[in-house]
Amino acid sequence: QVQLVESGGGLVQTGGSLRLSCAASRSILSLNATSWYRQTPEKQRELVAVITSSGTTNYADSVKGRFTISRDNTKNTVYLQMNSLTPEDTAVYYCHANRRDGSGLLYYYWGQGTQVTVSS
């Protein structure tokens, strides 16, 4: 079992920045990948950024060049640095991780979410 706890959300003006944190209850190097998703009442949950255990990163087109996903292995924490925020970035942001056990079974974990609101 893996617990994921997000923090860092809040209210920011257009053009501002926020950094989200996702603290995992076990080594993030034991996880296949850790991701950030976001969801609004009008849209399905969408993938924002992902970082794999090898350090490979990938981003949604809508955030490329503005958001950066990174990790601190010593703190078992994954970050999402969000710059040049716009009202379209307003959403609940969720941390997600998956892990494969020794028999090959894949497990998925979600955090509780953190609200990001960007005012115009």
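**A charge and some rings**

Guide: Let's start with R45: its charged end sits over the ring of W110, 4.5 Å from the ring centre. Keep in mind that this is a predicted model.

Visitor: OK! Which other ring does R45 lie over?
Guide: That's Y94, where R45 lies over the face at 3.8 Å from the ring centre.

Visitor: And how many aromatic pairs does a search of the whole structure find?
Guide: Two aromatic pairs turn up. One of them is Y37 with W110, an edge-to-face pair with 5.0 Å centre to centre and 65° between the planes. That pair links distant parts of the chain, since Y37 is in strand β4 and W110 is in strand β10, 73 residues apart.

Visitor: What about Y94 and W110, how are they arranged?
Guide: Y94 and W110 are edge-to-face too, with 6.4 Å centre to centre and 90° between the planes. Here Y94 comes from strand β9 and W110 from strand β10, 16 residues apart. Put together, Y37, Y94 and W110 make one aromatic cluster.

Visitor: Is Y94 buried or exposed?
Guide: Y94 is buried, with a relative accessible area of 15%. W110, on the other hand, is at 38% relative accessibility, so it counts as partly exposed.

Visitor: New topic. How many disulfides does the structure hold?
Guide: One. C22 and C95 form it, with their sulfur atoms 2.0 Å apart.

Visitor: Why is the disulfide of C22 and C95 called left-handed?
Guide: Because the torsion about the S-S bond of C22 and C95 is about -80°.

Visitor: Are those two cysteines buried or exposed?
Guide: C22 is buried, and C95 is buried as well.

Visitor: Got it. So what's in the largest nonpolar core?
Guide: It has 28 residues, and the ones touching the most other members are L4, W36, V48, F67, L80, M82 and Y93. Several strands supply at least two residues each to this core, including β3, β5, β7 and β9.

Visitor: Last one: what does Y93 touch?
Guide: Leaving out residues up to four places away in sequence, its contacts include L20, W36, V48, F67, L80 and M82. Y93 also touches E6 and R38, among others.

Notes:
Residues are numbered from 1 along each chain as its sequence is written. This is a predicted model: local features need pLDDT of at least 70, side-chain atom pairs count only at pLDDT 80 or more; totals for chains, interfaces and linings use all residues. Side-chain values use heavy atoms; hydrogens and water are left out. A nonpolar core is a set of buried Ala, Val, Leu, Ile, Met, Phe, Trp, Tyr and Cys residues joined through side-chain atoms within 4.5 Å. Buried means under 20% relative accessible area, exposed over 50%, partly exposed in between (1.4 Å probe, protein chains only). Helices (H or I, at least four residues) and strands (E, at least two) are DSSP runs, numbered from the N terminus. Contact means heavy atoms within 4.5 Å. A disulfide is a pair of cysteine sulfur atoms within 2.5 Å. Rings of Phe, Tyr and Trp (its six-membered ring) pair if their centres lie within 6.5 Å; planes under 30 degrees apart count as stacked, over 60 as edge-to-face and the rest as tilted. A charge sits over a ring if NZ of Lys or CZ of Arg is within 6 Å of the ring centre and within 35 degrees of the ring normal.
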